[in-house]
Every structure is written in structure tokens, then in C-alpha cells.
Amino acid sequence: MKAFLHPFARTAALALAALALLALAACSSSGKRVSPPAAAIQQLTVQANGDWALELRLHNYSSVSMRFDSVDLEVSVDEHVAGRVRVATGISIGPTSADVVQATLKPEGMARIAVADALAGRRSLAYRLQGKVNATPDEASKSREFEVDDRSALNPAPGLDGVLR
């Protein structure tokens, strides 16, 4: 007995096969994608002299490694400008990975009070990082400047006085 497909079923089967091939081709493409990086405060520690030691987490969302040359970020806490952090990082971060760099900041008065209040009240503290990150994608000849505007919050670290994470 000869199998017979209705013309509509035959067209649908061909269309489904074509879509499957397109999906397979899209998955196997090895295109390099450079995406803007992000920055976050991983930890803020208030030092004895009132300065802040910051652990800045730099995220590489690209599909290629990037060499992070420098960061220039304005730090704000609870809508109060704390100051500017400028760090020559000089680190390479793999594709879709992150790493941490150290920075110090002598905070402005209102920001210092906001952090002290959050620590004393054991409450979360909103922050914002706004500025530029210079990074060079693998196999690129020159550095690119990426705008950063990231917001998040920190919480007092249990058992660690003067530390927000």
C-alpha cells in the first residue's frame, strides 16, 4: 500500500524541516559578541579612618575575553554622592565571567552618614555606580569606552562590623 501525504501535510513537513535546520544553524554559529560590561559593589568596608574599602565586581557579558583597563565611577548611596572611584584595573576577564578589583574612597559627608545609619539600623542601603569602564575585547587593537549605570543594594554582613555586602 502506497503512503500518500496530503499536499498541505507535505508542505507543513517541509516547513518544519527548514525551521529545524535554521535553528540548528543558529546554535552552531560562532559569532563573537561584545556586550557592555557591568559593575557592582561586592563589599563596602568602613575603615577606622572613615574611608571606604570597596570590592568592585566587574562583569564581562561578552562572548569573548576582555582586558579591563580602567574604571571611572561615581558612587552614590541612598541618593547621596559619595565620590568618584578611579582604578587602573589591568585584569582580563573571560567570556560571561566576573572578577573583583579593590578601590578606596574618601566619602562625602552625607554618604558617610547614610552608610553609618544603615549599619546602625541593620538595614539595606541602595547604591548607584555611574561612569565609564575602559576595556579591550580579545583580538581588538584598541580599547573601548563603555558607559555604566548600575543600581543595586547592600546589606549589613552578619557578624562583621562596618561591612555591607
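Of the 165 residues of the protein, 35% count as buried. The exercises below concern this predicted model.

**Exercise 1. Determine the order of the strands in the open sheet of four, and state which strands lie at its edges.**

Solution. Step 1: the order is β5-β2-β1-β8, with antiparallel pairing. Step 2: β5 (97-105) and β8 (163-164) each pair on one side only, and they are the edge strands. Step 3: follow the pairings across the sheet. Strand β2, residues 52-60, is joined to β5 by nine bridges, and here Leu 56 stands opposite Val 101 of β5. Between β1 and β2 there are eight bridges, with Ile 41 opposite Leu 56 in β2. Two bridges link β1 to β8, where Leu 164 of β8 is the bridge partner of Leu 44.

**Exercise 2. Describe the pairing of β6 with β7 and the turn that joins them.**

Solution. Step 1: the two strands are antiparallel and share 11 bridges. Step 3: the strands make a hairpin with six residues between them, and Glu 139 in the turn has a positive phi of about 70 degrees.

**Exercise 3. Identify the residues of the largest nonpolar core that touch the most other members, and trace which elements supply the core.**

Solution. Step 1: the core holds 36 residues, and those touching the most other members are Ile 41, Trp 52, Leu 54 and Leu 56. Step 2: at least two residues come from each of β1 (38-46), β2, β3 (66-77), β4, β5, α2 (109-121), β6 (125-137) and β7 (144-154). Step 3: β3 gives the largest share, six residues. Step 4: take Leu 56 as an example. Its contacts, leaving aside residues up to four places away in sequence, include Ala 40, Ile 41, Val 71, Leu 73, Val 85 and Leu 129.

**Exercise 4. Decide whether Thr 89 is buried or exposed, and list what it touches.**

Solution. Step 1: locate the residue; Thr 89 belongs to strand β4, residues 80-93. Step 2: the cut-off for a buried residue is under 20% relative accessible area. Step 3: Thr 89 has a value of 12%, and therefore counts as buried. Step 4: apart from residues up to four places away in sequence, Thr 89 touches Leu 58, Phe 68, Asp 69, Ser 70, Val 71 and Val 101.

**Exercise 5. Show how the residues of α2 are arranged about its axis.**

Solution. Step 1: check the length. The 13 residues, at 1.5 Å a residue, should span 18 Å, and the end C-alpha atoms are 18 Å apart, in agreement. Step 2: the buried residues are Ala 111, Ala 114, Val 115, Ala 118 and Leu 119. Step 3: viewed down the helix axis, these buried residues fall within an arc of 130 degrees, so they line one face of α2. Step 4: on the other side, Ile 113, Ala 120 and Gly 121 are exposed. Step 5: the buried residues of α2 pack against β1, β2, β3, β4, β6 and β8. Step 6: just after the helix, Arg 122 has a positive phi of about 50 degrees.

**Exercise 6. Characterise Asp 78 and Glu 79 by their phi values and accessibility.**

Solution. Step 1: recall that most residues other than glycine have a negative phi. Step 2: Asp 78 is not a glycine, yet has a positive phi of about 45 degrees; Glu 79 has a positive phi near 70 degrees. Step 3: Asp 78 is in the loop between β3 and β4, and Glu 79 is placed in the loop between β3 and β4 as well. Step 4: Asp 78 is partly exposed, at 25% relative accessibility, whereas Glu 79 is exposed, at 71%.

How values were computed
Residues are numbered from 1 along each chain as its sequence is written. This is a predicted model: local features need pLDDT of at least 70, side-chain atom pairs count only at pLDDT 80 or more; totals for chains, interfaces and linings use all residues. Side-chain values use heavy atoms; hydrogens and water are left out. Two strands pair if DSSP finds at least two bridges between them. Buried means under 20% relative accessible area, exposed over 50%, partly exposed in between (1.4 Å probe, protein chains only). Contact means heavy atoms within 4.5 Å. A nonpolar core is a set of buried Ala, Val, Leu, Ile, Met, Phe, Trp, Tyr and Cys residues joined through side-chain atoms within 4.5 Å. The expected span of a helix is 1.5 Å times one less than its number of residues. The arc is that of the directions from the helix axis to the C-beta atoms.
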